[in-house]
Amino acid sequence: QNDAAYMSNNYPFKIYMPTYDDYNELKNNTTLEFKENYNGVEGLNGIIYKSNVNDNEIFIPNISYKHPDFNIDKKDVWSGSSFGCWTNTSSWNSEKAYMIYCSKTIWYGGKTTYSCNNVVVDKWCGAQIRPITKKRG
């Protein structure tokens, strides 16, 4: 009921939104990198999680989401704004769910920090869905 991407079918794999545990596995086994013009596509910016074991990676694009103040965040992530995508895990509060929340901040003096965390937000906040697949069996 919390997964807009889930496909229950006879394919050899299932498609679903990542769970809270999937995100923690991703965070613990990858390195994080902000990427500009991903795969040579002008303006396609976002986060890459790159495996520490092999060359696999997952890309989460910088797409605006709806803030609690009812405005759409259209700031460029390179100026220090943020973006995210849903997990399929609800919080203890039925009106909230976990989101993978990403940001890049440029501090005074030019220092840059990157972060992605699993945070709880209101379900009515609009955010992208980044489905993943898993082989069945």
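Trainee: Which element gives the largest share of the lining of the largest pocket?
Mentor: Helix 1, with four residues. Keep in mind that this is a predicted model.

Trainee: And what's the volume of that largest pocket?
Mentor: About 540 Å³. It's lined by 23 residues, and the closest to its centre are Asp22, Glu25, Leu26, Thr30 and Ile58. Besides helix 1 (20-28), the elements giving two or more residues to the lining are strand 3 (46-51), strand 4 (57-61) and strand 8 (132-135).

Trainee: How does that lining divide into nonpolar, polar and charged?
Mentor: You get 11 nonpolar, six polar and six charged residues.

Trainee: OK, what about the second largest pocket, what's its volume?
Mentor: That one comes out at about 160 Å³. Of its 13 lining residues, Asn2, Met17, Trp86, Thr87 and Ala97 are the closest to the centre. Strand 5 (residues 82-90) gives the largest share of the lining, five residues. By class, the lining has five nonpolar, six polar and two charged residues.

Trainee: Switching topic: how many salt bridges does the structure hold?
Mentor: Two. In one, the side chains of Lys96 and Asp122 meet at 2.7 Å, N to O. That pair links distant parts of the chain, with Lys96 in strand 6 (residues 96-106) and Asp122 in strand 7 (residues 112-122), 26 residues apart.

Trainee: And the other?
Mentor: Glu57 and Lys50, at 3.8 Å, N to O.

Key: Residues are numbered from 1 along each chain as its sequence is written. This is a predicted model: local features need pLDDT of at least 70, side-chain atom pairs count only at pLDDT 80 or more; totals for chains, interfaces and linings use all residues. Side-chain values use heavy atoms; hydrogens and water are left out. On a 1 Å grid over the protein atoms alone, a cavity is a set of points where a 1.4 Å probe fits but cannot get out, and a pocket is an open set with protein on both sides within 12 Å along at least five of seven lines; lining residues have an atom within 4 Å of a point. Grid points are joined across faces, edges and corners, and a volume is the space filled by probe spheres set on the points. Ala, Val, Leu, Ile, Met, Phe, Trp, Tyr, Cys and Pro count as nonpolar, Asp, Glu, Lys and Arg as charged, and the others, Gly among them, as polar. A salt bridge is a side-chain nitrogen of Lys or Arg within 4 Å of a carboxyl oxygen of Asp or Glu.
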